[in-house]
Amino acid sequence: MKLNDLPTPAALLDAQRLHHNIQRMQARLQGLGVRLRPHVKTAKCVPVAELQKAAGAQGLTVSTLKEAEQFFAAGFDDLLYAVCIPPTKLAQARALRERGCRLTVTTDSLTGAQALVDSGHAFEVMIEIDTDGHRAGVLPDAALLLDIGRLLHQGGQNLTGVMTHAGASYDCRSPQELIQMAEQERSRCVHAAQRLRGAGLPCPEVSVGSTPTALAAQHLAGVTEVRAGVYVFQDLVMHGIGVATLDELAMSVLTTVIGHQTDKGWVLVDAGWMAMSRDRGTQDQALDWGYGAVCDESGDLIDGMWMHSANQEHGILAWRRAGADDTLAERFPVGTRLRILPNHACATAAAFSEYQVLDAAGDVQTWDRFNGW
Ligand SMILES: Cc1ncc(COP(=O)(O)O)c(C=O)c1O
C-alpha cells in the first residue's frame, strides 16, 4: 500500500522518525547507566513495543490492565502497572500473575496496601512517591511511607521499590528548569528508597520518569530504571517544552481538504476533534498550535498555518495572521491531502484503531492498536 491509497483521516507513523526516537532514548539512558522500561500507553501497539525491546528496553510500563493483558498475550511478561491499584482490580491482576506474568502493582495508601495483604496473594509492589506535587504518591519524608512499607513487607507482599512520575515537568519552560525537575524527581525518589532501606525494608528498585525529565537528567545516581512514554512518537507539547524538534514528531493525522471559506481565510479538512482529540496541550505554551500544526502531504510544515479550531468531523485550518484569502482554493484544492501534527500524541492516537506506518521507500504497513480498559 502507498500513501495515496489510504482513506482519511488516518494515523500516519513515520517509520524513520519512530526508529530515531526509540534509539535516541535508549542511547541516552544507556549512557546514564539505567534501564528503560518504556510506558506503552502512548502507542498501545505491539509492533512498537517490539521495536523498543529490540533496541534494549527491559520490561514495559502499563497504565491499564487491558494493556497488561494485551502485552502479556504478545509475549511481554515483565510489566509494571504504574497506576495505584484499587481493591476491585486485584483479582484481574492476580489472574495475570498466576498465568506467568510478572506484573508489579503500585500503591500509595494504607488502604491499598491492606487490600493487597488481605488478598492472600504475594504481589510484587512498588510504593508511588510524590516528587512534584503533580498528582499521586506519598511524600518522600512522610511517616506514611514507612507505614505502608512495613504493612506490605510484614503482610507478606514483595516490596520491590519506589516509583515516581514528575508530571510537573510538562510545565517547565527552560532547559534549566527541566534539569532541576529531573534532579528533583531523582533525588526525592532516591531519598524515599533510602528511608525504606534505613528502616530495614527491602527496596531494590527506584523507578522514575517522564519524557522531559528522561531527556534532561544530567545523572541518575541511585535510579535503576526510567519509564518514558510519549518520546516514542513525540508531539507538539514535547516540542514546546524543548525536548523534541518538529522533525522528530513521528505521528501525524493524514487528512483531506473538503472545502474553503475564503472570506474567513479557512481551509476545511476531514480531521476534526474526533481525529485530533480535544487536547489543547500547547495552549499555555509560548507557541499555541490550536489543534495541530499543518504540513503538506510529504510532511513539510506549512509555515504560518495552524488548525485553529475543530468540530467533531471538521478541522478548520487558517493562517496565524487571520483574514480573507482568495488564493486558498487554488493553493489547497478540495481533495488535497495534508498531515496534521498533534498536540498530544497519546490522546490523538486514541482516536484510531490502527496506525499506517510509512517507510522510507513510500510503502505503508498497517499496525493494530487498541483502546479501552
Ligand atoms: C506513572 C507514569 N510513568 C511514566 C509516564 C511517562 O511519561 P511521558 O509520557 O512523559 O514519557 C507517565 C505518563 O503519563 C506516567 O503516568
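1. Helices α1 and α2 are oblique to each other, because their axes cross at roughly 40° and an angle counts as roughly parallel only when it is under 35 degrees. Helix α1 covers residues 15-31 and helix α2 covers residues 46-54, and their axes come within 10 Å. The crossing of this pair is right-handed. The model is a predicted one, and the points below should be read with that in mind.

2. A second pair of helices may be set beside the first. The axes of helix α3 (residues 65-73) and helix α4 (residues 90-98) come within 11 Å and cross at roughly 15°. This angle makes α3 roughly parallel to α4. The crossing of α3 and α4 is left-handed, whereas that of α1 and α2 is right-handed.

3. In what order do the strands of the open sheet follow one another? The order is β2-β9-β8-β7-β6-β5-β4-β3, which gives 8 strands with parallel pairing. At the edges are β2 (35-36) and β3 (60-62), each of which pairs on one side only.

4. Strand β6 (residues 124-128) is joined to strand β7 (residues 158-163) by 5 bridges in the parallel sense. Met-126 has Gly-161 in β7 as its bridge partner.

5. Strand β12 (residues 293-296) runs antiparallel to strand β13 (residues 301-310), and 2 bridges join them. Cys-295 stands opposite Leu-301 in β13. The two strands form a hairpin with 4 residues between them, and Gly-299 in the turn has a positive phi of about 100°.

6. Strand β13 is also paired with strand β14 (residues 315-319), again antiparallel, through 5 bridges. One of the residue pairs is Met-307 with its bridge partner Leu-317 in β14. A hairpin of 4 residues joins β13 to β14.

7. The peptide bond from Thr-8 to Pro-9 is cis, with omega near 0°, and Pro-9 is found in the segment before β1 (10-14). Gln-234, a residue other than glycine, has a positive phi near 60°; this residue is found in the loop between β9 (225-226) and α9 (236-241). For context, most residues other than glycine have a negative phi, and most peptide bonds are trans.

8. Which residues lie nearest the centre of the largest pocket? They are Lys-41, Arg-135, His-165, Gly-167 and Tyr-170, from a lining of 30 residues. This pocket has a volume of about 580 Å³. Its lining comprises 10 nonpolar, 13 polar and 7 charged residues.

9. The second largest pocket has a volume of about 190 Å³. Among the residues that line this pocket are Lys-44, Ser-63, Thr-64, His-344, Cys-346, Arg-369 and Trp-373. Its lining divides into 4 nonpolar, 5 polar and 3 charged residues.

Methods:
Residues are numbered from 1 along each chain as its sequence is written. This is a predicted model: local features need pLDDT of at least 70, side-chain atom pairs count only at pLDDT 80 or more; totals for chains, interfaces and linings use all residues. Side-chain values use heavy atoms; hydrogens and water are left out. On a 1 Å grid over the protein atoms alone, a cavity is a set of points where a 1.4 Å probe fits but cannot get out, and a pocket is an open set with protein on both sides within 12 Å along at least five of seven lines; lining residues have an atom within 4 Å of a point. Grid points are joined across faces, edges and corners, and a volume is the space filled by probe spheres set on the points. Ala, Val, Leu, Ile, Met, Phe, Trp, Tyr, Cys and Pro count as nonpolar, Asp, Glu, Lys and Arg as charged, and the others, Gly among them, as polar. Two strands pair if DSSP finds at least two bridges between them. Axes are lines fitted to C-alpha atoms, for helices over the stretch in contact, and angles run from 0 to 180 degrees between N-to-C directions. Angles under 35 degrees count as roughly parallel, over 145 as roughly antiparallel, 65 to 115 as roughly perpendicular and the rest as oblique. A crossing is left-handed if the near helix is turned anticlockwise from the far one by less than a right angle, and right-handed if clockwise.
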